[in-house]
Amino acid sequence: MYNEIDLDKIDVSHEPPTQEPARQYYFMAKCREWVREFEQKNGRRPCFFVQTFGCQMNARDSEKLVGILETVGYCQAEKEEADFVIYNTCTVRENANNKVWGRLGYLNAYKKHHPHMKIALCGCMMQEAEVVEKIKKSYPFVDLVFGTHNIYKFAELLETSFVQEGRVIDIWKDTDKIVEELPIERKYSFKSGVNIMFGCNNFCSYCIVPYVRGRERSRKPEDILAEIERLAADGVVEIMLLGQNVNSYGKNLKEPITFAELLKQIEDIEGIERIRFMTSHPKDLSDELIEVMGKSKKICRHLHLPLQSGSSRILKAMNRHYDKEQYLSLVEKIRRAVPDIALTTDIIVGFPGETEEDFLETMDVVEQVGYESAFTFIYSKRTGTPAAFMEEQISEDVVKDRFDRLLKSVQSIAAKKAELYTGKTEPVLVEEVNEQDQMLVSGRLSSNFMVHFPGTEEMIGKIVNVTLKECKGFYFYGELVE
Ligand code: SAH
Ligand code: SF4
Ligand code: F3S
């Protein structure tokens, strides 16, 4: 377990160790020397800015980057105008990439006046060969580039970029390695993501994640439990278990264990009040899991169950391994076991070959299920995925029209679902002081809805009872019950 290691006790005059994580501790000690030199020269510590794009997995990875930067002595800057800027990128849709290219232009302009500044890029986008080629050719001001598989050696890469002339680029194709016991700096004191697995084996035909995150690897249950125990001891009350398909957790371990079994063990950890998880692939959601959810006192009454499409024909082309009927009967089974569960989903519009009839099947599932919330995406062609080669890519105006109709339906159903909560008193985990109105605090219900109510900063991290007074569509105004 990572406990404040004393970097000053590490002898950096010798060769670095070959074992992990000792090797990374050695490089952290080296980086700290560099930071001290910077401080002596400039009369201040160097500062960093980490910008995260993409999903919760990336957010957790960024906490690992921050953990290392703070351990070696950097301080966190409020803005991008910092000594070290790192973008942790996402490539799930084209617009995720475009955001990065756009902001790099801005960073370049800033760096021209601050030549000592270092710019680093990491994350999913860097696992694409064309992206790295483009950076090599057209973005000479980027100093350090690494990918998803070698993020654990960030300290080593950082140190290399201090001592080596020119830029450092290190991308691995894949890995079977999981390095434990590295520092992590949490964004919130009272809640935390916890990786339970990395990568994905599902190869949904539209999706680039398996190519950029590699094959599925589960962490050992004892490592996960130890991490959660440590988090609980540190004041964390809510955890979010993270994986691309948590329902297949544990299958590839030497001693296999099911996700449901892992949940039962986590439930026993004292101090943890709420357990969430993301994402559940419908094809692997087991009866055992439904049973555990039904009985649990800590698992939140919320399930994110990506539908992607309501058309069985399109689901087949997407390689999702379930059809419309199977999805609907799964929903029915879950609702029977956990009647108060809130269901949310992801939907893609405009997958190649999607007809008006296919789209209406999606609309039909949306109506039948009645999601509390849904993320709707326009299909984005990703180079290297099977769907990119499919004929019949759908024209932009047809997709736009379907997207608007879907969004309207999703929003009006969600508002009706939310309305049903009005008047209820629910436990709420207080997350922050409301940005717009400092008299209010904002918190989350077990069902994941947000509520704003009069309160004070001291309430942050506590679970309190709140009466939901007024429904605003996808959030509430409420009142504390003393
Ligand atoms: N592992 C998760 C999803 C990770 S990506 C799962 O299986 O549900 C998050 C969401 O992005 C997906 O659910 C999907 O709806 C969307 N997505 C993935 N690839 C996409 C693409 N090429 N175009 C549009 N949306 C996409
Ligand atoms: Fe992508 Fe499918 Fe894996 Fe989710 S399960 S990450 S959508 S390939
Ligand atoms: Fe994006 Fe990578 Fe997550 S592609 S959605 S950041 S796994």
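A polar contact is here a pair of N or O atoms within 3.5 Å of each other; within protein, one atom must be able to donate a hydrogen and the other to accept it, and residues adjacent in sequence count only if both atoms are side-chain atoms. The model is predicted, so local features need pLDDT of at least 70 and side-chain atom pairs count only at pLDDT 80 or more, whereas totals for chains, interfaces and linings use all residues. Residues are numbered from 1 along each chain as its sequence is written, chains are lettered from A and ligands numbered from 1 in the order in which they are written, and side-chain values use heavy atoms, with hydrogens and water left out.

View 1. A backbone N or O atom of Ser380 lies 2.8 Å from a nitrogen atom of ligand 1, while oxygen atoms of the ligand are 2.6 Å from a side-chain N or O atom of Asp346 and 2.9 Å from one of Arg93. Of the 540 Å² of accessible area that ligand 1 has on its own, the protein covers 89% (Shrake-Rupley method, 1.4 Å probe).

**View 2. The shell around ligand 1.** Ligand 1 is surrounded by 15 residues, the closest being Arg93, Gln244, Gln308, Asp346 and Ser380, where a residue belongs to the surroundings if one of its heavy atoms lies within 4 Å. By class, this shell holds 7 nonpolar, 4 polar and 4 charged residues (Ala, Val, Leu, Ile, Met, Phe, Trp, Tyr, Cys and Pro count as nonpolar, Asp, Glu, Lys and Arg as charged, and the others, Gly among them, as polar). Strands S13 (342-349) and S14 (373-378) each supply at least two residues of the shell; strands (E, at least two residues) and helices (H or I, at least four) are DSSP runs numbered from the N terminus.

**View 3. The shell around ligand 3.** Cys55, Asn58, Cys90, Thr91, Val92, Cys124, Arg213 and Gln244 surround ligand 3, and they divide into 4 nonpolar, 3 polar and 1 charged.

**View 4. Two cis peptide bonds.** Glu20 and Pro21 are joined by a cis peptide bond with omega of about 5 degrees, and Pro21 lies in the segment before helix H1 (22-42). Another cis bond, with omega of about 0 degrees, joins Met278 and Thr279, and Thr279 is placed in the loop between strand S11 (274-278) and helix H9 (287-295).

**View 5. Positive phi at Asn319.** Phi of Asn319 is near 65 degrees, and the residue is found in the loop between helix H10 (312-317) and helix H11 (324-337). Asn319 counts as partly exposed because its relative accessibility is 28% (buried means under 20%, exposed over 50%, partly exposed in between; 1.4 Å probe, protein chains only).
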